[in-house]
Amino acid sequence: MQRLSAESVTLGYDQRVIAKDLSVEIPDRSFTVIVGPNACGKSTLLRALSRMLKPSEGQVLLDGQAIHSLPAKKVARTLGLLPQSSIAPDGITVGDLVARGRYPHQGLLRQWSPEDERIVQESMAATGVGELGERYVDELSGGQRQRVWIAMALAQQTPLLLLDEPTTFLDIQHQIEVLDLCAQLHEEQGRTLVAVLHDLNQAARYASHLIAMRDGEVVAEGTPSSVVTAELVERVFGVRCQVIPDPQTGTPLVVPAAPRRAALVG
Amino acid sequence: MKAIRIPGGLSFRAEPRAMAVVGGLAVLALAAGVVLIGTGDFTIPPADVISSLLGSGSPAQDFIINELRLPRVLVALLVGASLGISGALFQSISRNPLGSPDVIGFGQGSSVGALIVIVFLHGGTVAVSLGALVGGLATGVAVYLLAWKKGVHGYRLVLVGIGAAAMLTACIHYLLTKSTLVDATRAMVWLTGSLDGRDWAQVWPLLVLFVVLLPLVLVYGRPLRMLEMGDDAAYALGVPVQRTRTVLMLCAVLLNASATAAAGPISFVALTAPQLARRLTRATGPNILASACMGAALLVVADWGAQRLFGESTLPVGVLTGMVGGVYLLWLLVTERRAGRI
């Protein structure tokens, strides 16, 4: 029994059903990445796993209990989420924003313990923003800002961390930076990470467990090398391709087929 | 931010600058209150006012101060503080500086309630206050329900509120056309917003509500700070998003309605106080206490100005806040537009 799982959930917004009777288990201590074409339900699944979206049927289980029946603050001490879009309050410093990650551990009369202080410092150091504590978040670059948000999620000190498209809006250098950071958190701190990613090659390189979705269903899951095959990529994404070993890591690398027109010219 | 730790595991966190601003504004509001008590046809020096308030003044001055002028100043302080908090809460919830109760229809709702009592029921002062209270609450509930779409979101709240304000303003004019000359005069006086002739009967309900709601607002102020980062981020941190928002909106509507019931629709204090307070504290979050003190100080100073600045004729305080606040709103619209937020 894994700590986080969805049991035959039906997910949707209003009347529109996005996934029906979907079951997923997140392996403990894995870096799980969910991939799939647009509108396949991958972000919806992540929202359900992070209790932002209540399934109309079935349930999401956290440590064997229905996640929606647990107190919000208690869940927030076990499961963290980096949402796709967050608003940095006007004029907030990096240190104060990261400190907000301690909220679920605090009370009205216990607002700031030495432990809070230490964890905030550690989280900022781990994400490489330790020097930016006094800077205003508005002044930072996109990549720095994303690392600050990750630092806030880290300060929450949750064994499980969910990330909704953490690399969107970042250029390639910052994408790699953020993913390297995730891999490091997974390997060095033993946290369970679940991320939604758009880039299949990045997913294959960084994930320890891959879930491929299409039309609200899980098409395949397992290690990247077992999941990412030419046949599956065509089935899930509708793209003809060749899969070769990544020259750097040996993980599968998807090379889309050249258009026929190019082949004719060549 | 500085941490304050007390042995026994208690700890608090606050911005030193914000605390200094709260203290400074509170002193300013109280000092202006003392000056205002001394102001009138019969001028009393501040030292005498203070000794009377402390219970060691002459009987004649005691009567003027404690029975005639103190209630008016207390109403001003409480109304200003209530409006300041109400504005701070709404602006934080809607994440929009224009999401203020006098812009999004609650003041107008109270006016319609009060005017119905004046025009159709010919009720007395207490009845008019009750009408304003009911009108404000009803508008609050209606706007909340109309703006509800899987939870209340800032932009919707402001748009629905502005629409409601326009419709309610039409209702106010309709009610004025239906009234007799005597009632219409009375209605116009009420609509201006004034502190004239306020006595202890107005102080008590304001005070009770304020004392009950302030702790609730402060407790929920912590999760409200988290809500400013967006619903998802707040939810991820374990904030009960909808409950926080509903409780705080209810508090804000009640504070605004009780203030309006006591003094009429005093415009722009709820809009400006939180923003001025924030400029001083430079702190994130709703700045609840600073907004309360700023609102109180603003209204007391405005009331003093309305009594003294225009020679022999005294103005209702609502006229002064309206004139000054209108300029501020214009400035705000221009800067917000430049910043690309509207």
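I count two residues as in contact if their C-beta atoms, placed from the backbone, lie within 7 Å. The model is predicted, so I use local features only at pLDDT of at least 70 and side-chain atom pairs only at pLDDT 80 or more, while totals for chains, interfaces and linings use all residues. Residues are numbered from 1 along each chain as its sequence is written, and chains are lettered from A, ligands numbered from 1, in the order in which they are written.

**Entry 1: chain A, domains**

I looked up the domain assignment (bounds from an automatic or database assignment). Chain A has domain 1 (1-78 + 158-229) and domain 2 (91-157). Their C-alpha centres lie 24 Å apart. Which residues touch? I find 12 residues of domain 1 in contact with 11 residues of domain 2.

On the domain 1 side, α2 (72-76) and α6 (172-189) of chain A each supply at least two residues. Helices here are DSSP runs of H or I, at least four residues; strands are E runs, at least two; both are numbered from the N terminus. α6(A) gives the largest share, four residues. By class, I note seven nonpolar, two polar and three charged residues on that side. Nonpolar means Ala, Val, Leu, Ile, Met, Phe, Trp, Tyr, Cys and Pro; charged means Asp, Glu, Lys and Arg; the others, Gly among them, are polar.

**Entry 2: chain B, fold**

I find 13 helices and two strands in chain B. The C-alpha atoms fill a box of roughly 60 × 55 × 35 Å along the principal axes. Among chain B contacts between residues at least 6 apart in sequence, 73% join residues at least 24 apart.
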